[in-house]
Amino acid sequence: MKSHFDHEKLDVYQDATGFVTWVNELLEGIPKGLALYSQLDRASTSTPLNIAEGNGKYASAGRVYVAQAEYCAGSEDRLRLRS
């Protein structure tokens, strides 16, 4: 995968996106009505989003736009992994 944003270069981000894929496979065997389904789904997808957001938090004021774009890119990754 070609990295376009700083957070995509982080090993922890790569592991988190792999975790999303693993959880999605696990969720196929769990009924959607169970609270466990919702908790696992939300927890797994929030992890890479939080990494993307946090990666830009301590950037200079000039990087605020880039940090916001990284968070959006993390959201796009989530949608791609979910499909």
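**Entry 1: the loop.** I began with Ile30, which sits in the loop between H1 and H2. I am working from a predicted model here, so every value below is computed. Is Ile30 buried or exposed? Its relative accessible area is 16%, and the cut-off for buried is under 20%, so Ile30 counts as buried. I then looked up its partners, leaving aside neighbours within four places in sequence, and found Ile30 in contact with Leu36, Tyr37 and Leu40. Two of these names, Tyr37 and Leu40, came up again when I listed the H2 residues that touch H1.

**Entry 2: the helix pair.** I noted H1 as residues 11-27 and H2 as residues 35-55. How do their axes sit relative to each other? They come within 9 Å and cross at roughly 165°. Angles over 145 degrees count as roughly antiparallel, and H1 and H2 are therefore roughly antiparallel to each other. I also wrote down the hand of the crossing, which is left-handed.

Which residues make the contact? From H1 I listed Val12, Tyr13, Ala16, Thr17, Phe19, Val20, Val23, Leu26 and Leu27. From H2 my list reads Tyr37, Leu40, Asp41, Ser44, Thr45, Thr47, Pro48, Ile51 and Ala52. Sorted by class, the contact has 13 nonpolar, 4 polar and 1 charged residues.

**Entry 3: Asp41.** An Asp in that list made me look again. Asp41 is in helix H2, and I checked how accessible it is. With a relative accessible area of 13%, Asp41 is buried.

**Entry 4: Thr17.** I moved over to Thr17, in helix H1. Thr17 counts as buried because its relative accessibility is 11%. What does its side chain have beside it? A polar atom of the Thr17 side chain lies 2.9 Å from the backbone oxygen of Gln14. I kept Gln14 in mind for the next entry.

**Entry 5: Pro48.** Pro48 belongs to helix H2. I looked up its accessibility and got a relative accessible area of 4%, so Pro48 is buried. Setting aside neighbours within four places in sequence, I found Pro48 in contact with Tyr13, Ala16, Thr17 and Val20. Gln14 turned up here too: its C-alpha atom is separated by 8.3 Å from that of Pro48, although the two are 34 residues apart along the chain.

**Entry 6: the whole chain.** Last, I stepped back. How many helices and strands does the chain have? I counted 3 helices and 0 strands, in the pattern α-α-α along the sequence. Of the 83 residues, 30% are buried; Ile30 and Pro48 are among them. I finished with the contacts between residues at least 6 apart in sequence, where 64% join residues at least 24 apart.

Notes: Residues numbered from 1 in each chain as written. Predicted model: local features only at pLDDT ≥ 70, side-chain atom pairs only at ≥ 80, totals over all residues. Heavy atoms only, no water. Axes fitted to C-alpha atoms, helices over the stretch in contact; angles between N-to-C directions. Helix = DSSP H or I, 4+ residues; strand = E, 2+ residues; numbered from the N terminus. Parallel < 35°, antiparallel > 145°, perpendicular 65-115°, else oblique. Left-handed = near helix turned anticlockwise from the far one by under 90°. Contact = heavy atoms within 4.5 Å. Nonpolar A, V, L, I, M, F, W, Y, C, P; charged D, E, K, R; others polar. Buried < 20%, exposed > 50% of the residue type's maximum accessible area, 1.4 Å probe, protein only. Polar contact = N/O pair within 3.5 Å; in protein donor to acceptor, adjacent residues only side chain to side chain.
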